[in-house]
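Here is a short briefing for a first look at this structure. Please have the sequence and the model open as you read.

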Amino acid sequence: MGNSDSKLNFRKAVIQLTTKTQPVEASEDVFWDQFWTDVNLTAQDMFALVPAAEIRAVREESPSNLATLCYKAVERLVLNADSGCVCERDRQTVLSCIRLLTRILPYIFEDPDWRGFFWSTVPKVGKTDESDDECTRPLAESLLTAISDLLFCPDFTVESHGRTSADGPSDIQSIDSCEFIWEAGVGFAQSPPLNHTHDSSRAELLKLLLTCFSEEMYQSPSDTHTPNPWVSFFCSRENRHALPLFTSLLNVVCAYDPVGYGIPYNHLMFSDQRGMLAELALQTLIVSLEQELVDHSNTSPNPSTNTDTLSPCISEMHVFCIRLLNNPLLQTYLPHSCKKIQFHQELLVLFWKLCDLNKVPPYHFIFYLFSYLTIIILILQFLSRVGLVHICVFILLLLSGERNFGVRLNKPYSVRVPMDISVFAGTHADLLIVVFHKIITSGHQRLQPLYDCLLTIIVNVSPYLKSLSMVAANKLLHLLEVFSSPWFLFCSPVNHHLVFFLLEVFNNIIQYQFDGNFNLVYGIIRKRNLFHQLANLPTDVSSIQKALQRKRRSNSTHNAVFMETNNPCNTACSEAPYKTTPVQTGTLNASLKAMPRIDKLTETSQVSEDGTTLSLQQSDSTHSQSDHSSETRVRDTEPTSGEDEEVHQKRLSSSSDWAPTPDWVLSWKSKLPLQTIMRLLQVLVPQVEKICIDKGLTDESEILKFLQHGTLVGLLPVPHPILIRKYQANEGTALWFRTYMWGIIYLRNEDPPVWYETDVKLFEIQRI
């Protein structure tokens with residue numbers, strides 16, 4: 001009965017606010033207290049009783065009342081944070097203010113005229129014993145400071161450590177929040193007792209904090225990006241709780257164990273309040289670390305204060321990442337007996353940020369990963385999931401820029417995990433190539449922008465691959481077969497780049513890892529016609545038009561090019577079509593931004609004899625061999641600022657102002673790096689043919705044995721320098737990650753649906 005009265009009284013207050021034609025003065029506390037004093041409503045109740053239409057109506061018709069409501073709610077939070085929430089009534093008032101602001105803020109952000117409201121100077125609430133210059137401050141700073149204080153408020157979000165109600169406000173303000181870190185781990189050795197009430201209060205505050213940060217959702221991606229002022233202040237030295245908050249968020253995520261003691265179906269019998277807190281902590285953490293990436297790009301590559309604090313424990317953090325990332329992929333005998341986390345996408349974003357932020361030795365996060373190849377297997381498993389392909393490819397591109405990554409891939413792959421790929425016996429490098437081949441030949445046209453990234457990863461590791469299996473070798477040659485098809489080369493101004501990448505892979509292996517790669521050499525000999533056809537690719541108008549006729553007869557460019565009926569390597573084991581995760585009708589999905597081209601994503605470096613790398617200008621890279629003269633012709637293939645991936649693909653497919661010409665074909669055909677392969681064929685083909693005739697060999701195992709003991713020392717051209725394309729931070733990928741991150745947060749926060757009814761600009765919401 002009491003809760004019904006509370007809802008009724010609150011609803012009456014909302015109606016009064018929306019129907020008043022005259023401004024209500026801030027001094028009328030009796031009116032404003034109706035929204036938070038003695039109000040016992042859940043967050044779901046608050047969202048139901050404050051409809052979106054009425055918030056917009058107040059914003060448009062009574063803007064001063066909406067402004068006063070926000071000011072008074074922040075004032076109440078500040079006052080209770082200063083007093084320490086010493087009684088249950090104060091704590092309930094704080095929760096009501098949190099839920100009300102969480103409901104209202106998105107509608108303030110969606111209106112450009114209101115965007116600067118929280119950063120306008122207002123009379124400072126709370127204590128005013130400072131100098132006159134400090135008596136006013138932006139409302140946003142007051143709100144963020146109050147949230148930070150409340151996140152370490154004894155008996156509300158942390159244990160009291162013996163505080164009594166007689167302790168004054170000064171005692172609350174002077175507490176050292178480093179002694180109240182939420183969980184053991186980085187910077188804190190003790191594990192506080194689990195308190196569901198505290199976890200619930202923390203979750204409410206973190207949701208409001210994310211709502212404050214979400215102002216970025218309402219800015220168009222085509223707008224010039226500036227650092228998020230909410231995140232900037234929250235992570236600055238002005239927030240005295242920044243460091244303990246960072247470690248609290250990190251430790252809560254790393255310590256979360258969804259499996260527990262491993263009792264089947266335990267998640268159905270017991271509530272898991274810590275799971276919700278871990279998810280919100282992770283989302284807050286990745287948004288906060290976005291500011292670190294901005295700071296690094298604008299200043300120096302040295303780690304920030306937060307990263308320095310993280311670094312001493314960086315060697316242990318990858319273990320937590322592996323444990324949590326493995327959870328969604330766990331296979332159990334009893335169906336659904338183990339709880340699966342749903343925030344694996346946020347974990348992958350955190351993993352990316354940890355790799356990208358910690359680049360300076362001795363705290364090189366990637367360095368510790370190479371001792372655990374399990375993480376590579378997990379990422380390759382996630383690659384098979386729709387929606388996770390892009391982020392996983394970005395991570396692998398970043399890792400492939402390190403020499404040790406390529407070296408470690410030579411370790412035997414013995415752990416069998418459920419993946420819909422060809423059966424093989426080999427190394428982790430073979431697994432990488434087989435999975436990439438599966439993605440490329442899957443039939444998903446939206447994955448075409450990733451082809452050059454996938455091949456760049458293989459190029460980066462190829463100089464260090466000691467022994468490819470026959471399956472992996474055939475997969476690479478099959479890719480060359482389909483990418484070197486004349487009609488595929490002529491139907492796009494950039495398709496020939498894929499052939500250059502594959503030729504570079506073969507050249508690297510032949511020049512630097514010939515011994516041990518007899519399977520690939522044998523495959524090259526068997527498929528030698530491919531290389532001769534490339535060398536003799538027709539360039540006249542008639543041949544170009546004839547090749548393009550095949551494209552016009554096909555319904556789908558992408559599906560037709562990967563028909564494998566004539567591919568001998570698939571006779572032993574056929575591969576099923578690319579499997580997608582089933583979704584329910586009506587599911588919401590956030591659009592992705594178009595990816596930049598690979599030459600915008602990477603910086604080319606040359607590896608010297610001592611293993612050090614020297615950065616090269618873009619014009620010096622092998623990629624530039626592919627087509628300098630045609631760069632002006634392919635400018636239209638670049639995604640425009642803020643363009644969605646789907647829109648970009650449609651624009652490319654519908655573009656009819658480009659057509660291949662003989663001069664264009666000659667411009668890149670003359671630069672095809674075929675010399676090393678042709679020399680190999682010139683030397684080995686006669687030898688293989690001779691022993692086949694002399695010994696009457698029909699078994700390929702004997703030919704492989706001959707190639708295994710063969711040598712090309714002194715017969716090949718002078719080895720070319722090893723070129724590594726390292727990931728380079730840029731505006732295009734920064735926008736992609738920002739959109740991806742906020743799209744995840746938008747979709748995951750559905751109870752209550754914080755942003756669902758608002759007009760976001762950063763991405764488009766699609767209903768599947």
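The points below go from the whole chain to selected details.

This is a predicted model. The protein chain has 768 residues, and 55% of them are buried. Its secondary structure consists of 35 helices and seven strands.

**Overall picture**

- Take the contacts in the protein chain with a separation of 6 or more: 78% of them come from residues 24 or more positions apart.
- The protein chain has an accessible surface of about 33,100 Å². Carbon and sulfur atoms supply 52% of that surface.

**Salt bridges**

- The count of salt bridges comes to 26.
- One of them pairs Arg103 with Glu757, with 3.3 Å between the closest N and O atoms. Arg103 sits in helix H6 (residues 88-109), while Glu757 sits in the loop between helix H35 (731-748) and strand E7 (765-767), so this pair ties together parts that are 654 residues apart in sequence.
- Arg103 has 2% relative accessibility and counts as buried, because the cut-off for buried is under 20%. Glu757, at 46%, counts as partly exposed.
- Asp599 and Arg597 also form a salt bridge through their side chains, at 3.0 Å from N to O. Both of these residues are buried.
- A further salt bridge links the side chains of Asp759 and Lys761, again with an N to O distance of 3.0 Å. Asp759 is partly exposed, with a relative accessible area of 41%. Lys761 is partly exposed too, at 36%.

**Helix H11**

- Helix H11 covers residues 242-255, which makes 14 residues. From first C-alpha to last, helix H11 reaches 20 Å, close to the 20 Å expected at 1.5 Å a residue.
- How much of H11 is buried? The count is 12 of its 14 residues, so H11 is largely enclosed by the rest of the structure.
- The buried residues of H11 include Ala242, Pro244, Leu245, Phe246 and Cys254. Thr247, Ser248 and Asn251 are also among them.

- Ser214 lies in the loop between helix H9 (196-213) and helix H10 (229-234).
- Is Ser214 buried or exposed? Ser214 is buried, and its relative accessible area is 0%.
- Leaving aside residues up to four places away in sequence, Ser214 touches Phe109, Trp742 and Trp755.
- With Trp755 there is also a polar contact: the side chains of Ser214 and Trp755 meet at 2.9 Å.

**Helix H33**

- Helix H33 runs over residues 675-695 and has 21 residues. Its first and last C-alpha atoms are 30 Å apart, close to the 30 Å expected at 1.5 Å a residue.
- Where does H33 bend? The bend is at Leu684 and amounts to about 30°. A proline, Pro686, follows within four residues.
- Leu684 is itself buried. Other buried residues of H33 include Thr676, Ile677, Leu680, Val688 and Ile691.
- Which helices do the buried residues of H33 pack against? They pack against helix H25 (496-512), helix H26 (518-526), helix H27 (528-535) and helix H34 (700-708).
- After H33 comes Gly696, which has a positive phi near 60°.

Conventions. Residues numbered from 1 in each chain as written. Predicted model: local features only at pLDDT ≥ 70, side-chain atom pairs only at ≥ 80, totals over all residues. Heavy atoms only, no water. Helix = DSSP H or I, 4+ residues; strand = E, 2+ residues; numbered from the N terminus. Buried < 20%, exposed > 50% of the residue type's maximum accessible area, 1.4 Å probe, protein only. Contact = heavy atoms within 4.5 Å. Areas by Shrake-Rupley, 256 points an atom, 1.4 Å probe, with all protein chains shown as cover. Salt bridge = Lys/Arg side-chain N within 4 Å of Asp/Glu carboxyl O. Expected span 1.5 Å × (residues − 1). Polar contact = N/O pair within 3.5 Å; in protein donor to acceptor, adjacent residues only side chain to side chain. Bend = angle between axes of the 7 residues up to and from the residue.
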